[in-house]
Amino acid sequence: MTNISVEDITGDAPQQEPRTDWKQYFSFSTDHKVIGIQYIVTAFILFLVGGIFAMIIRGELITPESDLVDRSVYNAMFTMHGTVMLFGWTFPILTGFANYFVPLMIGARDMAFPRLNAVAFWMIPIAAILLMASFFVPGGPAQAGWWSYPPVSLQNPTGNLINGEVIWLLAVAISGVSSIMGAINFVTTIVKMRAPGMTFFRTPIFVWNVFSAQIIQLFGLPVLTAGAVMLLLDLTVGTSFFDPTKGGDPVLFQHFFWFYSHPAVYVIILPVFGVFSEIFPVFARKPLFGYKIVAISSLLIAGVSGIVWVHHLYVSGTPGWMRLFFMLTTMFVSVPTGIKVFAWTATIWGGKLRFDTPMLFAFGALILFVFAGITGITLSSVPIDVHVNNTYYVVGHFHYVLYGTVTMGMFAAIYFWFPKMTGRMYYEGLGKLHFWLAFIGTNLNFFPMHPLGLQGMLRRVSSYAPEYEFWNIIASIGGFLLGVSTLPFILNMIGSWIHGEQAPKNPWRAIGLEWLVASPPPVENFEEIPVVVSEPYGYGKSEPLVAEH
Ligand code: HEM
Ligand SMILES: [Cu+2]
């Protein structure tokens with residue numbers, strides 16, 4: 001291994017980093033930091049693509065009639081919107097941050113398997129291009145929703161072998177294989193490559209949460225992949241696993257699908273909880289309240305998440321005893337989750353709060369998450385879910401999770417770590433503008449979906465009864481506001497990356513190994529592998545984090 005010291009790279013002034021040549025970001029690099037940024041930028045581009053689909057959906061729904069796009073185009077829009085947002089935005093951006101920061105946070109020079117890491121990344125743009133190509137095949141993209149339930153997904157109106165649904169299944173399978181590779185890499189890295197002294201109970205919560213999330217990937221993804229392959233066989237070679245007209249069982253697919261896809265929600269949200277746990281102590285200048293319990297609660301969430309999936313099948317002819325069992329397990333998940341919310345509140349409580357953009361986003365996301373949690377508990381209850389299943393109430397609930405918490409949480413992470421990753425400061429004013437547009441837009445867009453759902457407006461429809469018009473107009477205004485909110489963000493990121501002020505090593509005066517190295521970190525991260533001597537989050541305490549040498 002070549003030993004490049006910080007000075008070799010930075011010269012005399014440690015902050016005058018030579019920039020990573022932009023061409024590197026288009027190469028098969030095995031550096032976890034390059035790969036991290038490749039993931040993050042790719043994910044953001046796909047976020048914009050998914051956002052354009054969302055704008056078309058909201059444009060259609062501003063009037064009760066189906067007038068903007070054809071109904072089958074509308075079906076394709078919500079299918080592609082959900083698919084791109086989940087498989088193109090949330091998973092890849094989280095993998096991006098995990099890639100960049102897990103090795104730095106645990107004191108490693110790279111991931112355990114750098115080449116596997118690069119292969120896993122490059123599968124994402126391939127899957128994305130494949131998915132977009134489905135716009136150009138006869139019949140257009142898949143239209144069966146992001147969960148692709150048979151028998152709808154088994155209809156093949158054009159009769160072609162290459163059709164939107166087949167392409168959709170291939171793209172999802174590629175992204176699944178990429179995630180399995182990632183999971184093997186993260187779990188190995190976290191178990192094997194921690195610096196001396198970095199015991200599990202000295203590891204930052206972000207790392208704990210990536211670990212918990214990746215364990216879910218390991219046990220869940222093979223099940224989804226099996227279900228997808230069986231569906232692909234039904235669709236192409238005429239097997240009948242799920243085709244009711246040939247004796248198959250469509251509900252079986254729902255089990256395959258949700259056995260993974262419910263836990264997948266925690267794969268997405270756990271790293272966001274990790275980001276909260278990193279940001280709140282820094283901006284409150286207090287240690288994370290109940291560090292060990294917060295850490296353990298992540299593993300508990302991962303464990304329990306494996307036995308809740310049937311809450312998506314309450315109305316699929318599920319027997320009563322099963323509905324009762326899964327209602328109770330689902331409600332139980334709120335216990336470790338509640339512990340975390342309590343710990344963050346206690347961390348913030350009485351702290352010397354500073355509301356820089358990362359904190360604004362994290363704090364706003366926490367508020368929106370509490371709201372999402374409350375509607376989530378209502379949905380776990382069988383009688384309520386039977387009433388609102390397949391209505392906009394559900395869409396409202398999960399957007400408070402996926403936009404309000406996950407997407408806002410990811411913006412918090414971007415602002416928090418932007419100085420570290422680029423060596424530049426972002427513009428605070430633009431950051432705050434972005435926050436307020438996004439926070440107001442989220443509520444305007446997604447709150448109205450709750451009354452709409454309770455009144456009975458179904459999801460996945462392009463026309464609706466005129467009495468639903470009022471709330472839909474509000475929601476569309478909120479949607480367009482969210483679209484607009486990305487403009488100051490894009491401007492800020494591009495502008496600051498090129499012209500921003502030089503960032504110091506540790507602009508937030510945060511405690512953690514990643515803040516001990518230059519911004520951006522040198523190729524090999526640490527000149528000398530640090531020796532960790534204390535727990536993380538020692539704000540207000542005097543003990544050092546690493547041994548002096
Ligand atoms: C500007 C932001 C957004 C707007 C305006 C928006 C709007 C919508 C609407 C109106 C639907 C329901 C479509 C229908 O049932 O007819 C929907 C579905 C969905 N959205 Fe979003 N959304 C946004 C952001 C996001 C984000 C960030 C995610 C995930 C990270 C996401 C994930 C989903 C999923 C999974 C579905 C379900 C698709 C399906 O029914 O198969 N959305 N969105
Ligand atoms: Cu679920």
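Start by selecting Ser-148: this residue is buried, with a relative accessible area of 0% (buried means under 20%, exposed over 50% and partly exposed in between, with a 1.4 Å probe and protein chains only). What you have open is a predicted model, where local features need pLDDT of at least 70, side-chain atom pairs count only at pLDDT 80 or more, and totals for chains, interfaces and linings use all residues. Residues are numbered from 1 along each chain as its sequence is written, chains are lettered from A and ligands numbered from 1 in the order written, and side-chain values use heavy atoms, with hydrogens and water left out.

**Stop 1: the loop around Ser-148**

Check the backbone here. Ser-148 has a positive phi of about 60° although it is not a glycine, and it sits in the loop between helix 4 and helix 5 (helices are DSSP runs of H or I with at least four residues, strands are E runs of at least two, and both are numbered from the N terminus). Now pick Pro-150 and Pro-151: the peptide bond from one to the other is cis, with omega near 5°. Pro-151 is in the loop between helix 4 (114–133) and helix 5 (164–192). For context, most residues other than glycine have a negative phi, and most peptide bonds are trans.

**Stop 2: ligand 1 and its iron**

Of the 28 residues around it, Tyr-74, His-81, Trp-146, His-399 and Arg-460 come nearest. Helix 3 gives the most to this shell, with eight residues.

Zoom in on the iron atom. Which residues coordinate it? His-81 and His-399 do, each through NE2, at 2.0 Å (donors are N, O and S atoms within 2.8 Å of the metal, or 3.2 Å for Na, K and Ca; water is not among the atoms, so sites may look incomplete). His-81 lies in helix 3 and His-399 in helix 12, so the pair ties together parts that are 318 residues apart in sequence.

Then click Arg-460. Its phi is near 60°, a positive value in a residue other than glycine. Arg-460 is in the loop between helix 14 (449–455) and helix 15, and at 23% relative accessibility this residue counts as partly exposed.

**Stop 3: the copper ion**

Jump to ligand 2. The copper ion is coordinated by His-262 (ND1), His-311 (NE2) and His-312 (NE2), at 1.6 to 2.0 Å. Along the chain, these donors follow the spacing H-x48-H-H. His-262 is in helix 7 (residues 250–284), while His-311 is in the loop between helix 8 (291–304) and helix 9 (320–348), 49 residues apart. Both His-262 and His-311 are buried.

**Last stop: Pro-520**

Finish at the peptide bond from Ser-519 to Pro-520, which is cis, with omega near -10°. Pro-520 lies in the segment after helix 15 (469–499).

Note on methods. Near = heavy atom within 4 Å.
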